[in-house]
Amino acid sequence: MDWNGFTSTYAPEGSIRLGSWTIEPAARDQIDCRATLSIDDRTMSLHAKASGPISAMTSMLYDIGAPIQILSLHQRTSGDQVITFLLCENDDRQCWAAGFGASSDEASVNALIAGANRLLPTARL
């Protein structure tokens, strides 16, 4: 499999796309995350308080009808880029997804969105 085949399989562009993403510190060792997600041609602003970015994005995906669970997580660095690999599950279906970013958090959030797109081609809004 070449690189284009790998990315189109494990990090596909799908109906769910991330627009903006911000993180602010919150009380009790939590973070306050805000994101703009597009599902097909509909854009929405979402908010979640959580213990970390992965938890926040998982909550946001649940809120839009794209719930997924993480069964396994692996990360690697390649130069100045982080690659996150997630084994995701929804309704007894599993798939591997990959995400890329300048930080571990960014790569993980992108991998979650890739997993949601692989498992749930259309969010249930």
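Author: A nonpolar core is a set of buried Ala, Val, Leu, Ile, Met, Phe, Trp, Tyr and Cys residues joined through side-chain atoms within 4.5 Å. This is a predicted model, in which local features need pLDDT of at least 70 and side-chain atom pairs count only at pLDDT 80 or more, while totals for chains, interfaces and linings use all residues. Residues are numbered from 1 along each chain as its sequence is written, and side-chain values use heavy atoms, with hydrogens and water left out.

Reader: Which residues have the most contacts inside the largest nonpolar core?

Author: They are Ile16, Met57, Met60, Leu61, Ile64, Ala66 and Ile68, in a core of 27 residues. The elements giving two or more residues to this core are β2 (30–39), β3 (42–50), α2 (53–63), β5 (81–90) and α3 (104–119). Of these, α3 gives the most, with six residues. Helices (H or I, at least four residues) and strands (E, at least two) are DSSP runs, numbered from the N terminus.

Reader: What makes Asp32 count as buried?

Author: Buried means under 20% relative accessible area, exposed over 50%, and partly exposed in between, with a 1.4 Å probe and protein chains only. Asp32 has 15% relative accessibility, so it counts as buried. Arg34, at 46%, therefore counts as partly exposed.

Reader: Why is the contact of Arg34 with Asp32 called a salt bridge?

Author: The term requires a side-chain nitrogen of Lys or Arg within 4 Å of a carboxyl oxygen of Asp or Glu. The closest N and O atoms of Arg34 and Asp32 are 3.9 Å apart, and by this rule the count comes to one salt bridge.

Reader: Why is the pair of Trp3 and Phe6 called stacked?

Author: Rings of Phe, Tyr and Trp (its six-membered ring) pair if their centres lie within 6.5 Å; planes under 30 degrees apart count as stacked, over 60 as edge-to-face and the rest as tilted. The structure holds four aromatic pairs. In the pair of Trp3 and Phe6 the centres are 5.4 Å apart and the planes stand at 20°, so the pair is stacked. Trp3, Phe6, Tyr10, Phe85 and Phe100 form one aromatic cluster.

Reader: What makes the chain as compact as a globular protein of its length?

Author: The chain has three helices and six strands. Its radius of gyration is 14 Å, close to the 14 Å that the globule rule gives for 125 residues, so the chain is as compact as a globular protein of that length. The radius is taken over C-alpha atoms, and the rule is 2.2 Å times the number of residues to the power 0.38.
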